[in-house]
Amino acid sequence: MSDQPAKTAASDTSTGVEQNPYGGTAATGGPKRVRTRHFQNAKRDGIKITGLTSYDQLTARIFDEAGIDFLLVGDSAGNNVLGYETTLPVRVDDLIPLTRAVAGAVKRAFVVADMPFGSYENGPEDALHTAVRFMKETGAHAVKLEGGERSQKQIRRIVQAGIPVMAHIGYTPQSEHGLGGHVIQGRGEGVKRLLADAKAVQDAGAFAVVLEMVPADAARQVTEMLQIPTISVGAGPYTDGQLLVWTDWAGLTIGRVPKFVKQYANLSGILSSAAKEWREDVESGSYPNSEHSYE
Ligand code: KIV
């Protein structure tokens, strides 16, 4: 939903309807608050949707003010905040306070709470219970869960209760061991499974679907087939939107960063230099000086 003048709605003040219902930030005429209908409008009008993960109020505020359309409080907090190697140990109780911090910090962005492993697989009623917790206790606007056909009943039940669901198919990190590691999905014959999963989540009522680590052409086929918007995480350019894990994108992640990530900053370098400089200043006695001391 970037601010692309050619694609934004006309400034017709005579109709009384919301102008420019998707593009840009509130400051540039976009929606005051992003809603599920803006995702649908964006797909219809060919406006790209942008998303980043966020796990705290500081980044949430920055990304919101930058006009990012949605923030995902992902279970990737497991790797990025909680110090786990995978997302599998993450619990609902871990994500509730993080999601509350993000939802409380934004004015415009749509906040999606990720349902962690073990919180929905047992069936639709378990899934609804988890989704209700996130909605009641955090102020999130939607939930996300992994799986296509296998999660169809869960998605349907949550949507029936009036809670928007963002689906997630292709590579699903919570199934890392079942999938045999970080393996690209939807290659060769695998495209049939991907298309079937995409159809299943749309039929269940998901308002959008994340496609993770699938070939660009397979993602294009899914995007052309579906009425709901597709969001790429390593699924190439032919989707309706793009999502990245913010720590990868900002150069803060330690270790391997996936091929599909373009790094827009080098935060680990910046923080490392600042920490060394400050340590040297303290050790040499040049910090604090009178400017940073009380009389
Ligand atoms: O938890 C997460 O950050 C995610 C995205 C990678 C889609 O699920």
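Biologist: Where is Pro288 found?
Modeller: Pro288 is in the segment after H11. A cis peptide bond joins Tyr287 and Pro288, with omega at about -5°. Residues are numbered from 1 along each chain as its sequence is written, and side-chain values use heavy atoms, leaving out hydrogens and water. This is a predicted model, where local features need pLDDT of at least 70 and side-chain atom pairs count only at pLDDT 80 or more, while totals for chains, interfaces and linings use all residues.

Biologist: Why is Leu267 called partly exposed?
Modeller: Buried means under 20% relative accessible area, exposed means over 50%, and partly exposed is in between (1.4 Å probe, protein chains only). Leu267 has 25% relative accessibility, so it counts as partly exposed. Leu267 also touches Trp246, Ala250, Gly251 and Leu252, leaving aside residues up to four places away in sequence.

Biologist: How do you know that two residues touch?
Modeller: Contact means heavy atoms within 4.5 Å. Val111, for instance, touches Leu71, Val73, Val102, Ala103, Val106, Ala140, His141 and Ala142, again not counting residues up to four places away in sequence.

Biologist: Is Val111 buried or exposed, and why?
Modeller: Val111 counts as buried because its relative accessibility is 0%. You will find Val111 in strand E3 (residues 110-114).

Biologist: And why does Thr99 count as buried?
Modeller: Its relative accessibility is 0%, so Thr99 goes into the buried class. Thr99 sits in helix H4 (residues 92-105). Among the residues that Thr99 touches, beyond four places away in sequence, are Val73, Phe134 and Ala140.

Biologist: What about Met213, and why is it called buried?
Modeller: Met213 has 13% relative accessibility, and therefore it counts as buried. Its place is the loop between strand E6 (208-212) and helix H9 (216-225). Met213 has a positive phi of about 45° although it is not a glycine.

Biologist: Why does Arg61 count as partly exposed?
Modeller: Arg61 gets that label because its relative accessibility is 37%. Arg61 lies in helix H2 (residues 57-65). Between Arg61 and Val106 there are 5.7 Å, C-alpha to C-alpha, although they are 45 residues apart in sequence.

Biologist: Now the ligand! Which residues surround it?
Modeller: They include Thr53, Leu72, Gly74, Asp114, His168, Glu212 and Val245. A residue is near a molecule or strand if one of its heavy atoms lies within 4 Å of it.

Biologist: What makes a pair of atoms a polar contact?
Modeller: The pair must be N or O atoms within 3.5 Å; within protein, one must be able to donate a hydrogen and the other to accept it, and residues adjacent in sequence count only if both atoms are side-chain atoms. Polar side-chain atoms lie 2.9 Å from a ligand oxygen for Asp75, 2.5 Å for Ser76 and 3.0 Å for Lys144.

Biologist: How much of the ligand does the protein bury?
Modeller: The protein buries 95% of the 260 Å² that the ligand exposes when taken alone. Those areas come from the Shrake-Rupley method with a 1.4 Å probe; for residues, only the protein chains shown count as cover.

Conventions. Helix = DSSP H or I, 4+ residues; strand = E, 2+ residues; numbered from the N terminus.
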